[in-house]
Amino acid sequence: MRSKNSQIISLAGQILSDQPPIHTPSDTVTPIFEVYKDYCRQVLAQHSDEVLLKIQEYLFQNNNRDAFAAHLVLKLELGRRFIASSLPSQGVTVYVLNPMYKETKRLAPRTSSNPYGENALLEKIKYYRELERESNGRLGIHYLAIDDVCPDGSGEIAKWLLKKAYPKDFGHKYQVIDLRNGINEKKYPPKGARNGSIKGGSIHYGMAYVLAQARGKATDCFILDTDTDLSIHPGQLSLALRESYKKRALAIIASRRQHDSVAKIEPQRDNRGKLYIAIIQSLLPGIAAAGILDTNRALKLYRLSAAEIVHIEQRIFQFPYQIENILSAQKYFPHETVPLGIVSVDSPALSTSTFLASYYDQILTICNLADQFMGNRHAAQLKNYLRKLGARGWQEFEQQLAMVLDSVEVNQLQNINLAILLQEYLKMHFIIDSVQSRTPR
């Protein structure tokens, strides 16, 4: 046992040495990171998956959670091995759905004048093609960019990039479609209208497009819901496939809050995320009961059978669509909807989802989802208080709660009584009086 532990410590030391710094998503796809990844692969070559998992566990136990590069190469290697050796003989096809809205800077390379550029689309395709090569012909990855009525022409830029880089594959394996067509056909409300698409409409439109193509295929088919940026390294698709086959899961929900996750998150977004999670745990306890601690990461992998149900059930075309889709998957496949711990490097500078007013709209939608899936009486007081806040009240409440949440671990969020905290806030600001704050019978 001692020699086994010594081996784990020695291997951990080797992969911790000379780690490249990871500050932004682009740092995970640099030539320096590739050299480091290849070095770690050689170090780990003669060791089993069990050893890799023990190294990961050792890093967590010894407070090496900030060793982003080391954790990422461990996860990538676990996924790569599965792709190379364990995919079914009939083959696997993954359809990647990538909505785009104001992504022109991320699509361009990082330069001094574009410091947050990621060359994201071409980097994704590069890693997807690498996974295909590793699979010995058993994995095919199709990529579908969906222009989410982007005012900056993200879809047109994606077309230009794909056509130039992969002319033989453009138009069939790599495609770009435009949600405007679905809106013009009256299938979706227009942008800016009630429930007008904020990513969710594009995912629904992309799913419909893929489902029409994929039905009847001889291969195992999956649909991946993802984002343009590289906050989740595209190679982690292999990890999601590994989890799906090993656990016979139909829906894989990536999370940066699991016990085996590693995440670099800007503090304000971290605390907002914690508040979001605390609200979901109170209003939709089934999600947390399934071990899913984070609902909004851009890696949701659905087998075709699950994707068909999720597509039929989806009614929300804005950001909380992800929560609705998880709830639908849980409703029909309660034991086959599972979380996946990932490595995530936040990309907040170019985010289009950080406006506080629209964030409050998400909270209201979650209240409505709780009514739909849990009934009106469940957490009635908390829902009532959230609905009374208003966008400005939400902003102030969130800021007040930031210091409280800063020291709270995610697995302890369920111990926070949000209804009491909201009650005190609303009373302090004369939004409710003491009579209104009584718990209804």
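Predicted model: local features only at pLDDT ≥ 70, side-chain atom pairs only at ≥ 80, totals over all residues.
**Helix angles and a pocket**

Me: What makes the contact between α13 and α14?

Reply: From α13 come Ile309, Val310 and Glu313, while α14 brings Glu324, Asn325, Ser328, Ala329 and Tyr332. By class, this contact has 4 nonpolar, 2 polar and 2 charged residues.

Me: How do you know that α11 and α16 are oblique?

Reply: Helix α16 spans residues 380–406, and α11 packs with α16 at about 130°, their axes 9 Å apart. Roughly antiparallel would need an angle over 145 degrees, and roughly perpendicular stops at 115. An angle of about 130° lies between those limits, so this pair is oblique too. The crossing of α11 past α16 is right-handed. Among the residues in contact are Leu275 and Ile279 of α11, and Trp394 and Phe397 of α16. The classes here are 10 nonpolar, 2 polar and 5 charged.

Me: What makes up the lining of the second largest pocket?

Reply: The lining divides into 7 nonpolar, 4 polar and 7 charged residues. The pocket holds about 480 Å³ of space. Of its 18 lining residues, Arg65, Arg256, Arg257, Glu409 and Val410 are closest to the centre. The elements giving two or more residues to this lining are β6 (262–264) and α11 (267–283).

Notes. Residues numbered from 1 in each chain as written. Heavy atoms only, no water. 1 Å grid on protein atoms, 1.4 Å probe; cavity = no way out; pocket = protein on both sides within 12 Å on 5 of 7 lines; lining within 4 Å. Points joined across faces, edges and corners; volume = space filled by probe spheres on them. Helix = DSSP H or I, 4+ residues; strand = E, 2+ residues; numbered from the N terminus. Nonpolar A, V, L, I, M, F, W, Y, C, P; charged D, E, K, R; others polar. Contact = heavy atoms within 4.5 Å. Axes fitted to C-alpha atoms, helices over the stretch in contact; angles between N-to-C directions. Parallel < 35°, antiparallel > 145°, perpendicular 65-115°, else oblique. Left-handed = near helix turned anticlockwise from the far one by under 90°.
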